[in-house]
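Here are my notes on the model you asked me to look over.

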Amino acid sequence: MKSVFLAALLLATYLSFAQEKKESPTSKDTLSTPKNSPKALDEVTVFGNKKKYLKIESDKTTVGIKDNAMLNSGSAFDAVKKLPGVITSPTGSLTLNGKGVSIYIDGSPSSLSGTDLQNYLNSLPANAIEKIELIYNPGASFDANASGSIINIVTNSRRLKGINASVNLNYNFNKYQKPSPQILLNGKEHNLSWQTMLGFNYIDSEDQMKNSQTFTSFAPAKSLFQNHFQQQTNRNLYFRLGTNYKINKVSNLLLNYNGTKSNDRVSSTNSAYGEGNDYLDYGQTTTKSSNHEMSLQYKTKLDTLGRTLDVTAFGNLFDRNPNSQSSGYNAATGNSFNNSSLNFSLANYYLKYDFAFPFEKLKFSINTGGKYNLIKVSNFGKYNINSATDAIFNNTNYAQVTNFDYTEKNLAFYVEARKKWNKFNFTAGIRFEDFKVNRTALQNSNSNVIDFKNTNFFPNASLLYSINEQMDISASYSKKIEQPNYNTIDPNNSSTANQFNSSVGNVTLKPTFFDNYELKFSAFQFVQMGANYTVGKDDSRFVFNAETGTLVSNQSFQQFDKIKTFSAFLSFPVPLDYFFKSKVEFASRMNTIEKMNYIYFNINYVKSTIDGYNFPYTNKPITNYSAQSQLILPWKITNTMTYFILPKGTWEIYQIEKPIQQFDISFNRDFLKRKLKVGIHCFDVFNANQINALIAGQNLATQFYQKRDSRTFRISLTYNFGNLKIEKENTEIQTEKVKQGGGMIK
């Protein structure tokens with residue numbers, strides 16, 4: 001039965017693409033051309049004449065966002081979490097087909113990490129995204145500091161003649177109100193194309209956490225039960241500007257600016273009881289932050305043979321200033337007060353160039369380039385923790401002062417060659433990276449200085465075999481490095497500090513080296529299956545530990561000798577119209593996929609083994625299931641539904657005790673000749689998304705529970721003014737060679 005079902009599925013998909021192949025020659029017939037050439041522009045376009053919400057290639061999967069009602073009504077973070085193969089871990093980090101992920105925005109690696117990155121993605125509306133590229137095994141043209149996979153978020157770069165506008169309103173509500181208005185202006189006049197976006201997010205939410213902890217250094221062991229409840233208000237104003245000036249027929253100058261200003265507040269109630277303790281505290285943290293990013297790129301064609309040169313300058317400035325105050329009472333020890341003030345800043349600058357040299361007659365190409373990158377992080381923290389008196393917050397006489405400074409300098413060069421021979425495409429590349437890193441943590445009079453210097457080569461190789469025009473088999477290998485981000489090493493990370501909890505970064509973490517192997521089969525641009533194996537040396541994970549003889553839980557990052565991850569994945573569509581409609585009707589709907597009924601399934605199997613860590617429980621692999629559907633209802637209403645479930649099992653070092661799952665549903669309809677779009681949505685319909693996990697650390701076993709107010713209702717309205725006819729134009733800044741993802745010739 002399964003074979004009959006799969007045969008019907010492949011036949012249905014083939015009927016659509018066989019006709020499409022007749023209409024336009026396949027890009028496999030010729031060598032991949034530079035991204036500035038007309039052929040490369042056609043390849044970058046995801047939808048073409050027929051909208052393709054999903055396109056699977058050997059080295060990456062491209063998901064259309066802007067016109068996909070399933071993904072375009074929320075934030076960028078909402079959209080990313082629903083992509084095929086993306087799994088959110090119990091700690092909130094993202095993985096792609098079981099491998100770690102680096103986030104890129106418009107081809108540029110994001111400087112942010114941890115909650116800063118999540119807040120940034122939550123401030124970026126999904127309807128501002130043109131597409132998202134899932135790059136599985138990035139080649140030498142990408143930074144080596146990209147652990148395993150890359151999620152590249154490409155924002156909207158469409159320019160229309162004259163001046164055009166789009167007004168969007170997402171109104172989210174449950175017990176809280178969460179409005180997000182936005183206006184988008186774009187246009188094209190003579191040689192100048194431009195686009196601006198201005199928006200505001202006001203989001204109230206809550207988070208409930210419970211820990212049941214056993215401190216094993218005592219004989220007998222002692223237990224402590226903690227409850228944490230937070231009410232959060234996130235307010236941010238964002239502005240985005242993109243321009244493209246056509247200098248002449250072969251040269252363009254592009255400028256992008258992204259700015260965000262935020263003012264957030266967190267109110268918390270924390271309690272702890274057990275072993276004679278009855279503790280309760282109330283606290284509040286206010287955080288003001290700003291983020292500024294600017295990219296300037298010069299692109300030119302050097303000759304009629306397709307040789308190109310890109311030069312890019314990039315700068316990012318980010319700062320935040322969280323101030324925290326709390327007061328508590330313990331029946332055993334009396335009153336306690338906790339105050340802290342942090343001053344964090346990050347600066348990231350780089351300059352890079354890329355050359356492309358195609359040799360069409362030889363079906364051979366070479367890409368080469370270089371990059372210099374400077375990152376500086378500073379965080380100055382002042383603390384009065386577990387003070388017996390309520391210190392005045394602005395008092396300069398703090399009990400503890402921690403100063404953290406981080407500097408990273410990186411010089412890189414790469415070369416990557418491609419060759420097509422019969423049905424084979426070969427790629428080989430190597431990247432040279434020279435890292436110089438200095439970390440300094442000064443706590444009161446105690447100093448911890450770590451210098452790390454590494455000069456290394458990072459090779460990549462791949463092979464693609466085209467079975468026919470519709471099916472490929474590919475294999476690839478890459479070596480990567482991951483410098484610990486500031487979120488994992490900064491000791492000023494104590495938002496949950498009180499007499500029973502501390503949270504600090506681990507400044508002694510080493511860089512992690514990865515070996516990534518992947519084998520994949522892809523067919524008909526919608527079906528893929530494969531497996532990958534990743535070995536991370538000196539890899540780190542978030543754990544709860546305790547000092548001997550104390551009832552204090554320390555949250556930090558711990559390094560492990562090796563983490564080996566094997567994952568297998570399968571993605572395939574079920575075109576419902578093929579079974580329930582006539583063949584003529586089915587073929588017609590395949591030409592306009594937004595009118596088609598389908599279900600898209602994705603299955604991931606992941607197993608991790610860790611050297612240097614003794615599992616106190618059975619290491620059971622996990623299998624994640626997800627499905628996305630589109631149904632066309634009467635009165636031109638489009639219904640979309642998504643469901644995912646992460647069953648019980650072992651995720652890295654975390655034992656999942658109960659399944660993590662969520663079901664979303666939405667209804668969308670266009671009015672006024674598609675100028676007005678209206679949507680009604682419900683997320684986590686059954687309010688079932690919660691985390692129940694076990695974490696075993698030094699002298700401490702923690703049973704962790706977390707429940708966010710994930711059940712949310714949303715009304716989305718979008719109205720477009722002006723000319724809706726889009727002119728194809730290459731106006732997106734490619735700050736990294738995204739098209740060179742896996743180094744495969746298509």
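**Notes on the predicted model**

1. Aromatic pairs first: searching the whole structure turns up 26 of them. Take Tyr279 and Phe500, with ring centres 5.4 Å apart and planes at 70°, so this one is edge-to-face. Tyr279 belongs to strand 14, while Phe500 sits in the loop between helix 5 (486–489) and strand 22 (501–503), so the pair ties together parts that are 221 residues apart in sequence. Both Tyr279 and Phe500 are buried. Keep in mind throughout that this is a predicted model.

2. How are the rings of Phe663 and Phe686 arranged, stacked or edge-to-face? They are stacked, at 5.8 Å centre to centre and with 20° between the planes. Phe663 lies in strand 31 (residues 660–671) and Phe686 in the loop between strand 32 (676–683) and strand 33 (691–697), so the parts tied together here are 23 residues apart in sequence. Phe686 has a relative accessible area of 62% and is exposed. There is also an aromatic cluster, made up of Trp421, Phe424, Phe426 and Tyr465.

3. Now the overall picture. The protein chain has seven helices and 35 strands. It runs to 746 residues, 55% of which count as buried. Looking at contacts between residues at least 6 apart in sequence, 69% join residues at least 24 apart. The chain exposes about 31,400 Å², and carbon and sulfur atoms supply 58% of that.

4. On to charges. Side chains of opposite charge can pair when their charged atoms come close. The structure holds 21 salt bridges. One of them joins Arg714 to Asp78, with the closest N and O atoms 3.6 Å apart. This pair links distant parts of the chain: Arg714 is in strand 35 (residues 712–721) and Asp78 is in helix 3 (residues 76–81), 636 residues apart. Asp78, with a relative accessible area of 25%, is partly exposed.

5. Asp611 and Lys564 also meet through their side chains in a salt bridge, at 3.6 Å from N to O. Again distant parts of the chain are linked, with Asp611 in strand 26 (residues 598–611) and Lys564 in strand 25 (residues 553–575), 47 residues apart. Asp611 is partly exposed at a relative accessible area of 29%, and Lys564 is partly exposed at 25%.

6. Another salt bridge to look at is Asp303 with Arg307, where the closest N and O atoms are 3.7 Å apart. Asp303 counts as partly exposed, with 27% relative accessibility. Arg307 is partly exposed too, its relative accessible area being 25%. Elsewhere, Asp143, Lys371, Arg431 and Glu433 are linked in a network of salt bridges.

7. Is Asp354 buried or exposed? Its relative accessible area is 2%, and buried means under 20%, so Asp354 is buried. Its side chain makes a polar contact of 2.4 Å with the side chain of Lys352. A further polar contact, at 2.7 Å, goes from the side chain of Asp354 to that of Tyr414. Lys299 is 55 residues away from Asp354 along the chain, and the C-alpha atoms of the two are separated by 9.6 Å.

8. The elements giving two or more residues to the patch are strand 14 (277–301), strand 16 and strand 18 (400–421).

Terms used:
Residues are numbered from 1 along each chain as its sequence is written. This is a predicted model: local features need pLDDT of at least 70, side-chain atom pairs count only at pLDDT 80 or more; totals for chains, interfaces and linings use all residues. Side-chain values use heavy atoms; hydrogens and water are left out. A salt bridge is a side-chain nitrogen of Lys or Arg within 4 Å of a carboxyl oxygen of Asp or Glu. Helices (H or I, at least four residues) and strands (E, at least two) are DSSP runs, numbered from the N terminus. Buried means under 20% relative accessible area, exposed over 50%, partly exposed in between (1.4 Å probe, protein chains only). Contact means heavy atoms within 4.5 Å. Accessible areas come from the Shrake-Rupley method with a 1.4 Å probe; for residues, only the protein chains shown count as cover. A polar contact is a pair of N or O atoms within 3.5 Å; within protein, one must be able to donate a hydrogen and the other to accept it, and residues adjacent in sequence count only if both atoms are side-chain atoms. Rings of Phe, Tyr and Trp (its six-membered ring) pair if their centres lie within 6.5 Å; planes under 30 degrees apart count as stacked, over 60 as edge-to-face and the rest as tilted.
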